[in-house]
Amino acid sequence: MFRVAEETAEDWWEVEALYDLCFAPGRSALSSYRLREGVDPVPALCLTARDGDGILAAAIRYWPVLVGDAPALLLGPVAVHPTRQGEGLGALLIRDSLERARLLGFGRVMLVGDAPYYGRFGFEKLEGVEMPPPTNPDRVLGIALVPGAWDGVAGPVTRAAEG
Ligand SMILES: CC(C)(COP(=O)(O)OP(=O)(O)OC[C@H]1O[C@@H](n2cnc3c(N)ncnc32)[C@H](O)[C@@H]1OP(=O)(O)O)[C@@H](O)C(=O)NCCC(=O)NCCS
């Protein structure tokens, strides 16, 4: 019923509109957005889900970041249209994109979000990984796509190189 595909350049503003609908106004003031400024997302991991009529139902994007000196992926934003929430679409995009990331050789993924939701995918609180303030440290979560990928990785989260 839903078709998952890599986001294209033509999708960009439609995805932005979905994010505007799903998040509180001022979402771009969040500290996670400072990490995305001037940095391209990872195209192979930015996905859309469209229904049989081609209507955008959900989207997910990923950005490269650094944790200390170590490269990592920042998952998000992920959003599901309000009329489609609770049907498993968020889970579908998160699982699909994490599997794509694993196959592409990425080792570690982090996000800022609700542990009760992301815990089901294997995300756990990251100790010593510091998002720019103001971020509740309990919401800084990570998953190792390669066993042990987060071992010894800590420090401030900063922007990856521009481009
Ligand atoms: C959060 C979001 C991506 C989840 O996608 P979804 O397709 O609605 O959710 P799924 O169908 O995959 O999962 C539904 C389950 O997650 C739970 N859930 C959804 N959001 C949750 C949250 N913030 N905290 C805890 N549980 C949550 C639901 O209660 C439901 O639980 P159940 O399986 O026990 O019934 C989506 O609801 C959304 O876009 N919300 C608004 C934007 C947002 O908050 N994005 C995430 C930023 S961290």
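The largest nonpolar core has 43 residues, and those with the most contacts inside it are Ala58, Leu73, Leu74, Leu93, Val109, Met110 and Leu111. A nonpolar core is a set of buried Ala, Val, Leu, Ile, Met, Phe, Trp, Tyr and Cys residues joined through C-beta atoms within 7 Å; buried denotes 20 or more other C-beta atoms within 10 Å of a residue's own, with C-beta atoms placed from the backbone. This is a predicted model, in which local features need pLDDT of at least 70, side-chain atom pairs count only at pLDDT 80 or more, and totals for chains, interfaces and linings use all residues. Residues are numbered from 1 along each chain as its sequence is written.

- Two or more core residues come from each of α1 (12-22), β2 (47-50), β3 (56-67), β4, α3, β5 (108-112) and β8 (140-144).
- The most is given by β3, with eight residues.

**Ligand shell**
- Gln85, Gly90, Ala91, Gly113 and Tyr117 come nearest of the 16 residues around the ligand.
- At least two shell residues are supplied by each of β4 (70-80), α3 (89-103) and α4 (115-118).

**Chain**
- The chain contains four helices and nine strands, which are DSSP runs (helices H or I, at least four residues; strands E, at least two) numbered from the N terminus.
- Its radius of gyration, taken over C-alpha atoms, is 15 Å, close to the 15 Å that the globule rule gives for 163 residues, so the chain is as compact as a globular protein of that length; the rule is 2.2 Å times the number of residues to the power 0.38.
- Of the 163 residues, 33% count as buried.

Note on methods. Near = placed C-beta within 6 Å. Buried ≥ 20, exposed ≤ 12 C-beta atoms within 10 Å, placed from the backbone.
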